[in-house]
Amino acid sequence: MDRFLAIEAFVRVAETRSFAEAARQMRLSRSVLTERVQQLEAFVGAPLLVRNTRSVRLSDLGQTFLRDCVELVGRTNEVVNQMREVTTSPVGRLRVHALPGFVLGHLATLLQEFQARYPQIALDIVVNDAAIDPVKEGFDCALQIFPPRSEELVSRKLFPVRRVFCASPTYLRRWGVPRQPADLLRHRLGWYSGYPTRERVAFHGPAGEPVSLELKPTLLSNSVHLLREYALEHAGIVCLPTLVASASVTAGDLVLVLPRHQLSSFWLSVFYPQAARSSLKLKLFLEALVKSFTGTPPWDQVLLDAGLIPADIIE
C-alpha cells in the first residue's frame with residue numbers, strides 16, 4: 001500500500017462526500033479509489049467512512065483523522081511544488097470557477113498574459129453564476145461574491161463590486177427620470193435574481209437614514225449581461241454591477257438613475273481549499289489576480305474621475 005496515495009484518496013472522499021465524485025476529480029476508477037481507502041482503513045484497524053447507498057460520512061475516528069490528513073497532503077504538495085519551482089516550470093491543469101459578470105470583458109487579458117508566462121499550465125475556466133464550494137466541486141479556486149459555507153476554505157478579497165441603477169436616455173425621455181427611490185415602483189425594472197436579500201434593497205441617500213424598498217421587477221434574471229441588454233433596448237431601468245455597466249455609461253448609452261442614492265457593495269473574492277494553498281499553480285494565478293485587480297478597479301475609476309459615483313463605498 002502506498003500510504004500517501006491512500007491518505008490522499010481518503011481526504012478527497014471526505015471532502016466531496018462521494019466516492020464517485022472523488023474518483024472523477026482524481027481521474028481514477030472508482031474501484032481503485034475504493035481499494036485505496038479500504039487499504040487505509042485496514043491499516044489503521046477501523047472504518048474511517050460510513051457508507052450507505054445514498055451517502056458517505058465520516059466515522060468518529062475519520063473526523064479525528066481528517067484534519068491531520070489534510071495537513072499532511074497539503075504539506076506534501078507544498079514540498080513537491082517547491083522542488084518543482086526550483087527545477088522546472090509549473091505544469092498541470094488549473095480549474096477555476098468564475099462569475100460571468102467578471103469574466104466577460106475583464107479576464108481574457110490576464111489569462112493571455114498568464115499563459116504566455118506559464119505555457120505549461122492548462123487553464124480550465126468554468127463560467128457560472130452559482131456560488132459553489134470548490135472543494136466539493138473539484139476546483140482549485142472559485143471567483144465569486146457570495147461565500148460558500150465551508151470551514152475548509154481560504155478566502156482573499158480582490159475588489160468591491162458596486163451596484164448602480166441605470167437606463168437608456170430614450171427610456172428616461174419616454175417614461176421620466178426617478179427622483180426618489182419610491183419612484184422606481186412606477187417603472188419597469190430589471191433585477192438580478194441571485195441577491196440574498198431578494199428584491200429588497202436599501203438606498204443610502206446623501207443625508208438621513210437608509211430607505212428600504214421592496215422592488216417589483218418586471219424582469220428577473222441570473223444574467224447581468226442580459227439585464228444590460230434589456231436596458232440598451234430601452235425596455236426599463238436595471239440594477240447592474242459597475243463592472244458590467246461602466247463601459248455603456250461612459251459611452252452615453254446608459255445613464256445612471258438615482259446616482260446620489262448608493263446601494264451596498266459586495267466583494268469579489270477568490271476562495272480555495274486550505275489543502276491547495278501551497279499549490280504552485282494556484283499561487284501564481286492568485287499573484288496574477290492580485291496584481292491586476294487589487295485596489296480601485298478601472299471600470300470604477302473612470303466613473304469616479306467623471307464624478308458619476310462617490311468615492312466612499314457602503315458595504
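The model is predicted, so local features are given only at pLDDT of at least 70 and side-chain atom pairs only at pLDDT 80 or more, while totals for chains, interfaces and linings use all residues. Residues are numbered from 1 along each chain as its sequence is written, and side-chain values use heavy atoms, with hydrogens and water left out.

**The chain as a whole**

The chain has 12 helices and 14 strands. Helices (H or I, at least four residues) and strands (E, at least two) are DSSP runs, numbered from the N terminus. Along the principal axes, the C-alpha atoms fill a box of roughly 75 × 45 × 35 Å. Of the 315 residues, 47% count as buried. Buried means under 20% relative accessible area, exposed means over 50%, and partly exposed is in between (1.4 Å probe, protein chains only). Among contacts (heavy atoms within 4.5 Å) between residues at least 6 apart in sequence, 74% join residues at least 24 apart.

**Strand E8**

In a regular strand the side chains alternate between the two faces of the sheet. Strand E8 covers residues 189–192, and both of its faces are covered. Leu189 and Trp191 are buried on one side, and Gly190 and Tyr192 are buried on the other. Two strands pair if DSSP finds at least two bridges between them. E8 runs parallel to strand E12 (residues 237–241), with 2 bridges joining them, and Gly190 stands opposite Val238 there. E8 also pairs in the parallel sense with strand E11 (residues 219–221), over 3 bridges. In E11, Gly190 has Leu219 as its bridge partner.

Asp300 lies in helix H12 (residues 298–305). Asp300 counts as buried because its relative accessibility is 1%. Leaving out residues up to four places away in sequence, Asp300 touches Pro160, Arg162, Thr242 and Ile309. The side chains of Asp300 and Thr242 are joined by a polar contact of 2.5 Å. A polar contact is a pair of N or O atoms within 3.5 Å; within protein, one must be able to donate a hydrogen and the other to accept it, and residues adjacent in sequence count only if both atoms are side-chain atoms.

Ser264 is in the loop between E13 and E14. Its relative accessibility is 22%, so Ser264 counts as partly exposed. Beyond its neighbours within four places in sequence, Ser264 is in contact with Arg163, His204, Ile314 and Glu315. With the side chain of Arg163, the side chain of Ser264 makes a polar contact of 3.1 Å.

**Cavities**

On a 1 Å grid over the protein atoms alone, a cavity is a set of points where a 1.4 Å probe fits but cannot get out, and lining residues have an atom within 4 Å of a point. Grid points are joined across faces, edges and corners, and a volume is the space filled by probe spheres set on the points. There are 2 cavities of 30 Å³ or more.

| Cavity | Volume | Residues closest to the centre |
|---|---|---|
| Largest | About 210 Å³ | Leu99, Asp129, Ile145, Tyr192 and Val224 |

For the second largest cavity, strand E7 (163–167) and strand E13 (255–257) are the elements that give two or more residues to the lining. E7 gives the most, with 3 residues.

Technical notes
On a 1 Å grid over the protein atoms alone, a cavity is a set of points where a 1.4 Å probe fits but cannot get out, and a pocket is an open set with protein on both sides within 12 Å along at least five of seven lines; lining residues have an atom within 4 Å of a point.
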